[in-house]
Amino acid sequence: MNRAEITEQISAARIARALTWQQLAEAIDKPVVWTISALQGQHPIPAEAGKVLVQLLGLDESAVPILAEVPMRGGSPAAVPTDPTIYRFHEALQVYGGAIKELIHEQFGDGIMSAINFSLEVQRKAHPEGDRVVVTFDGKFLPYAWTAADG
């Protein structure tokens with residue numbers, strides 16, 4: 001069994017067992033976005049957390065060491081930006097984009113965040129280990145609307 005096969009099993013088991021990403025995150029005491037990203041193969045999952053997740057999802061115990069392996073992250077086939085600041089956003093979306101998408105669909109339904117009816121805010125936040133960059137994307141939720149063609 002490989003990581004891609006386990007990722008497919010995780011997705012099917014989560015849906016079949018009606019488990020939310022939040023429930024899985026709480027079960028291992030991790031942030032929800034991190035948990036989704038990890039379960040999608042973007043982070044290694046510590047063995048103890050892996051055991052909890054495997055049990056909750058009804059997966060074979062042999063998945064635990066595979067979940068704990070350091071993954072090949074990202075994998076976008078598009079060209080990678082070279083500007084360091086833009087690259088970091090690109091990198092973050094490669095790692096967390098799938099998790100963000102899952103949360104949008106879970107919390108809002110089938111649709112997207114508008115980049116037209118949208119605002120963006122960048123703030124500086126003091127932190128003892130070094131100032132933090134806070135980026136807020138604020139876009140209107142646009143549900144997909146499937147209509148019959150007139151004709």
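The structure is a predicted model, in which local features need pLDDT of at least 70, side-chain atom pairs count only at pLDDT 80 or more, and totals for chains, interfaces and linings use all residues. Residues are numbered from 1 along each chain as its sequence is written, and side-chain values use heavy atoms, leaving out hydrogens and water.

Helix 4 spans residues 47-57 (helices are DSSP runs of H or I with at least four residues, strands are E runs of at least two, numbered from the N terminus). Its buried residues are Ala-49, Gly-50, Leu-53, Val-54 and Leu-57, where buried means under 20% relative accessible area and exposed over 50%, with a 1.4 Å probe and protein chains only. Seen down the helix axis, these residues fall within an arc of 135°, so they line one face of helix 4; the arc is taken from the directions from the axis to the C-beta atoms. On the other side, Glu-48 and Gln-55 are exposed.

The cover over the buried residues of helix 4 includes helices 1, 2, 3 and 5, contact meaning heavy atoms within 4.5 Å. Leu-24 touches Leu-53, Leu-56 and Leu-57, among others.

The largest nonpolar core has 25 residues, of which Ile-10, Leu-24, Leu-39, Ile-45 and Leu-57 touch the most other members. Such a core joins buried Ala, Val, Leu, Ile, Met, Phe, Trp, Tyr and Cys residues through side-chain atoms within 4.5 Å. Helix 3 gives the most to this core, with five residues.

Ser-114 lies in strand 1 (residues 111-125) and is buried, with a relative accessible area of 4%. Ser-114 touches Gly-139, Lys-140 and Leu-142.

Technical notes: Lists of a residue's contacts leave out its neighbours within four places in sequence.
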